[in-house]
Amino acid sequence: MQADRSGKVRVGACRFLGLPATQEWGKNSPNKCAQGGLKRRAAMWTAPAERSGDGALALLWRDRQAKASRAALAAAVHIAAYGACAELRPHASRNTLDIPVSKPQLGEAFQTLLPMSFLSLIETKRDGRELPPDAIAGFVREFTEGRVPDYQMAALLMAILFRGMSAAETRALTLAMRDSGEVLAFPNDPRPIVDKHSTGGVGDKVSLPLAPLLACLGFRVPMISGRGLGITGGTLDKLESIPGLTTALGPKRLVEQVQRLGVAMGGQTEKMIPADKKLYALRDVTGTVPSIPLITASILSKKLAEGLQALVMDVKFGRAAFMQTESDARALADSIVSLAEACGVRTQALLTDMNTPRGRAVGNWLEVKEAVECLEGRGPDDLRELVSECAARLLVLAARPRDLAEARSAAAACLASGAPRRKWDELIAAQGADLAAFRSRLALDHTAPVVVELTAPHAGFLSRCDARIIGEVVRDLGGGRLTQETVLNPAVGIDQLAKPGEHIKAGAVLCRIHATTASAAEAARARLTSAFELTDSRPEAKPLLA
Ligand code: URA
């Protein structure tokens, strides 16, 4: 049900009540069902209807005149749901009924019906059937507004994870999530509005240097990111390790900052995509992250709310990615690209390997430090390469220039120019960072109380540096969440990671562990021994992009 400000309610939308046994009275004759079925149903529910024999429309109208009792209103809502049921779709005029009722009346009626109706949605998906768009819009709204308990939503998410969603369902979910809050509106400006999003990785700090780089390349970048999910890190958690910085920018502040600086980096709020904020947190702790439709909707609801013109997606595959195989990652990329393009956003996807962490640091503050190194022309090659590649793809999507090789050179030259490093300081200062405290923290070797090394037991070529084990260790050190209540410790993590293909001498550092206590550091060191493998011959180099 959707109620507008005047209190008018589009009951056609309450098809999602998904009441049972529509076939009981509609299977063979939709026409007959529309009349007789509704009458009978009405008779079961309310006295006025029993007498009127007029069917749903008349019932609803009469109820309004009679200032319907709660039960009668509940019946009206039920009947309208029947009137809009799948069997009756050919009768378009019956699918949507505008019934003036007050919101409180409707709220009350709805509360009496919700537990049963949401259950039927779970059952529909559990049995592998398709949910209609109105049903999807309905449950997103009801959940966002706090009227669906987490345990029922978790069950629905799990049913979606196992049964999947059609393209139409995924689109409905994405748009409902986008519309759960405000959508950004930018003034006309020649600078294209662009963004990049990753499906989530370990050590994946690409967004941090990329956002100021894009602003320096003449784009507007309203980057709305997520928090860590599972073992993957989140841009918001990384940014919040900067002293004083806030990511809770309302839509107005976000637009103003993007217009002024070319870039802002924020998160979902109560005002923007609140549905994703709630669903994301629930998925994180219910094992319902690795679902193509749920990831597609989560990412694109945020991106569509930004009012983008172009998007580059970094879709990860491998041991530490939500998509473990390249073919699953390709399916996710296809799902995101086709829906984004259908919604008018020029989109390209890169497929990148996530068997090994990106860069040499994992952990919120350690990754910020490495991102700053990248902006200063230092730091790991794989990070710099991916940052430049994402920028180049967006340049091509915006046709400035069209040629990818030219775009790559332009992006790399801009990154090396120092301008994005200065833009970074402007960006974080605009979001409340204490620049002096930030600089002093950057100058420190570490901020965690305990740092220990893991060293190579013998010489060899590094053939494996397992991003999954490393992600789990960093999460358990306090850098990621196990429950919604976990408070992160930004200082913990791993740095100085050796990279596959490198020759390591016996006793050389494979990585350093930053922990809060000596016992946590020792436990991490013990687990990390299985994350590294040394071989006699150099392993075949894996390309960054698949
Ligand atoms: N990133 C998101 O924003 N959402 C997901 O579901 C996964 C990665």
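Start by selecting the shell around the ligand: its residues divide into four nonpolar, four polar and two charged. (Here Ala, Val, Leu, Ile, Met, Phe, Trp, Tyr, Cys and Pro count as nonpolar, Asp, Glu, Lys and Arg as charged, and the others, Gly among them, as polar.) To pick them out, click H197, S198, T199, L229, Y280, R283, I295, S298, I299 and K302; a residue is near the ligand if one of its heavy atoms lies within 4 Å of it.

Before going on, a word on what you're looking at: this is a predicted model, where local features need pLDDT of at least 70 and side-chain atom pairs count only at pLDDT 80 or more, while totals for chains, interfaces and linings use all residues. Residues are numbered from 1 along each chain as its sequence is written, and side-chain values use heavy atoms, with hydrogens and water left out.

Now colour by secondary structure (helices are DSSP runs of H or I with at least four residues, strands runs of E with at least two, numbered from the N terminus). Which element gives the largest share of the shell around the ligand? That's α14, with four residues. β4 (194–198), α13 (274–284) and α14 (292–305) each supply at least two.

Zoom in on K302: an N or O atom of its side chain is 2.6 Å from a ligand oxygen. Next, S298 has a polar side-chain atom 2.6 Å from a nitrogen of the ligand. Then show R283, where a side-chain N or O atom is 2.8 Å from an oxygen of the ligand. (A polar contact is a pair of N or O atoms within 3.5 Å.) The protein buries 97% of the 240 Å² that the ligand exposes when taken alone, by the Shrake-Rupley method with a 1.4 Å probe.

Next stop, the backbone. Select I273, in the loop between β6 (263–267) and α13. Its phi is near 45 degrees, a positive value in a residue other than glycine. Is I273 buried or exposed? Buried, with a relative accessible area of 0% (buried means under 20%, exposed over 50%, partly exposed in between, with a 1.4 Å probe and protein chains only).

Hop to Q496, between β11 (493–495) and β12 (503–504) in a loop. Q496 also isn't a glycine, and has a positive phi of about 55 degrees. At 40% relative accessibility, Q496 is partly exposed.

Finish at the loop between α17 (381–397) and α18 (404–416), where you'll find A398. A398 is partly exposed at 23% relative accessibility. P401 is in the loop between α17 and α18 too, and the peptide bond from R400 to P401 is cis, with omega near 0 degrees.

Definitions and conventions. Polar contact = N/O pair within 3.5 Å; in protein donor to acceptor, adjacent residues only side chain to side chain.
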